[in-house]
Amino acid sequence: MTEPQPDTPEAAARAPRDPDRLIERAGLRGDPNQDQHFLVDDRVLARIPEYLPEDADTSHVLEVGGGTGALTDRLLRIADRVTVVERDSRLAAFLREEFAAEVENGRLTVLEGDALELDLPEFTACVSNLPYGISSEITFRLLPRGVPLVLMFQKEFGERMAAESGTSEYGRLSVSAQHYGDVEVVETVPKGAFSPAPAVESVVVRVTPRDPDYEVDDESFFLDFVKALFTQRRKTIRNGIRNTAHISGLSDPEAVVDAADEATLRKRAGKMSPSEFAALATLADEHGR
Ligand SMILES: C[S@@+](CC[C@H](N)C(=O)[O-])C[C@H]1O[C@@H](n2cnc3c(N)ncnc32)[C@H](O)[C@@H]1O
C-alpha cells in the first residue's frame with residue numbers, strides 16, 4: 001500500500017515520511033482499546049489535507065490524536081503551524097522526538113492529554129483521524145469554533161452526520177452538525193488502510209462552516225428541542241412535543257401544540273428539515289417556555 005521510496009537524498013528530503021517506518025520507529029503496536037488505528041495508506045494520507053476547502057486558512061491546523069505522526073507530517077506540509085493532541089504519553093514523546101526540528105522551530109506543538117479535557121488552542125482548521133471513542137463529544141467541541149473540519153469517522157457515524165431529512169440515517173446528529181456547516185462525506189476508507197484494521201469501514205467528512213439558512217434566537221434550546229423530538233422519532237411531532245417536555249425544558253407543551261400548524265404536528269421527526277425544526281423551536285420558545 002506504500003508508495004515507492006525515493007532513491008536520492010534530495011528526493012528523500014521532499015518525500016513524506018513512510019507510515020510503516022513511523023510505526024517501526026515508534027516501536028509500538030496500535031492498541032484498538034485505546035482507539036489506536038494508524039493510517040498506513042499513503043494515497044489516503046495524501047488526499048486528506050486536500051479535502052480542506054480551497055480558501056481554508058491553514059495558518060494553524062489542529063490535529064486530534066496524532067498517533068505516530070503520519071498525518072501530522074502531511075499537515076506540516078500545508079500548514080504554517082500545527083498543534084497535535086495525543087493522549088498516549090509514549091506517542092506524545094515519540095512525536096516530539098520524530099518532529100524535533102519542527103517543535104524546535106515552533107511549527108509543531110505537541111499537547112499531551114485527553115482532547116476532551118485539555119483547553120484547545122485557537123486554530124483555523126482541524127484535520128484529524130479521530131479516536132472513534134470520542135467522535136461525538138470532540139466533534140461538538142470543534143463545530144462551534146466555526147472553522148473548516150476534515151475528520152475521519154466510523155462510516156455509520158459520518159453518514160448520520162451528513163444525512164438528509166427523509167433518509168433512515170437522518171437524526172439528531174444530522175440536524176445538530178448541519179446547524180454549524182455543510183457536511184459532506186468525501187471519501188470511504190477501507191479497513192485495510194489502517195494498522196491495526198478497525199472492525200468497520202471509515203469515512204472522511206468535511207464540514208465547511210456557514211450560517212444556517214434559518215434563524216434561532218436560543219441555540220441551546222433549539223438543540224435540546226431537536227434532541228427531545230428525536231427521542232420519540234416514531235411518534236408524531238404532536239406527541240413528541242407532549243412527551244418530551246422534561247428534555248426540551250418546555251413548561252407548557254400544550255400551548256406549543258395549540259400554536260403549531262396541523263401539517264407539522266402530523267409529521268415525524270425524521271421528515272422534518274432543519275429549517276422546519278428551527279421554525280417550530282421558535283414557536284415553542286415563544287409559547288411554551
Ligand atoms: C485513529 S488513531 C490516529 C492516529 C494518526 N493520526 C493516524 O492517522 O495514523 C487515534 C489516536 O488518538 C489517540 N487518542 C485516543 N483517545 C484520545 C483522546 N481522548 N485525546 C487525544 N488523543 C486520543 C490515540 O492514542 C491514537 O494515537
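## The model and its numbering

Residues are numbered from 1 along each chain as its sequence is written, and side-chain values use heavy atoms, with hydrogens and water left out. Because the model is predicted, local features need pLDDT of at least 70 and side-chain atom pairs count only at pLDDT 80 or more, while totals for chains, interfaces and linings use all residues.

## The chain as a whole

The protein chain has 15 helices and nine strands, where helices (H or I, at least four residues) and strands (E, at least two) are DSSP runs numbered from the N terminus. Along the principal axes, its C-alpha atoms fill a box of roughly 75 × 35 × 35 Å. Of the 289 residues, 50% count as buried; buried means under 20% relative accessible area, exposed means over 50%, and partly exposed lies in between (1.4 Å probe, protein chains only).

Contact means heavy atoms within 4.5 Å. Among contacts in the protein chain between residues at least 6 apart in sequence, 63% join residues at least 24 apart.

## Around the ligand

There are 20 residues around the ligand, and Leu 39, Gly 65, Glu 86, Ala 115 and Asn 129 come nearest; a residue is counted here if one of its heavy atoms lies within 4 Å of the molecule. Several polar contacts, meaning pairs of N or O atoms within 3.5 Å, can be followed one by one (within protein, one atom must be able to donate a hydrogen and the other to accept it, and residues adjacent in sequence count only if both atoms are side-chain atoms). An N or O atom in the side chain of Gln 36 is 3.0 Å from an oxygen atom of the ligand. A polar backbone atom of Gly 65 is 2.8 Å from a nitrogen atom of the ligand, and a backbone N or O atom of Ala 115 lies 2.9 Å from a nitrogen atom of the ligand. Taken alone the ligand exposes 600 Å², of which the protein buries 99%; accessible areas come from the Shrake-Rupley method with a 1.4 Å probe, and for residues only the protein chains shown count as cover.

## Two annotated residues

An unreviewed UniProt entry places the feature "binding site" at His 37, Leu 39, Gly 65, Glu 86, Asp 114 and Asn 129; such positions are given in the numbering used here, with feature names shortened, and annotations may be inferred rather than shown by experiment.

Of these annotated residues, Leu 39 is in strand β1 (residues 38-39) and is buried, with a relative accessible area of 5%. Leaving aside neighbours within four places in sequence, Leu 39 is in contact with residues including Pro 19, Ile 48, Asn 129 and Phe 194. Asn 129 lies in strand β5 (residues 125-129) and is also buried, with a relative accessible area of 13%. A polar atom of the side chain of Asn 129 lies 3.5 Å from the backbone oxygen of His 37.

## Two backbone details

Most residues other than glycine have a negative phi, and most peptide bonds are trans. Asp 35, however, has a positive phi near 60°; Asp 35 is in the loop between α2 (19-26) and β1, and is partly exposed, with a relative accessible area of 28%.

A cis peptide bond joins Ser 195 and Pro 196, with omega about -10°. Pro 196 is found in the loop between β8 (194-195) and β9 (202-209).
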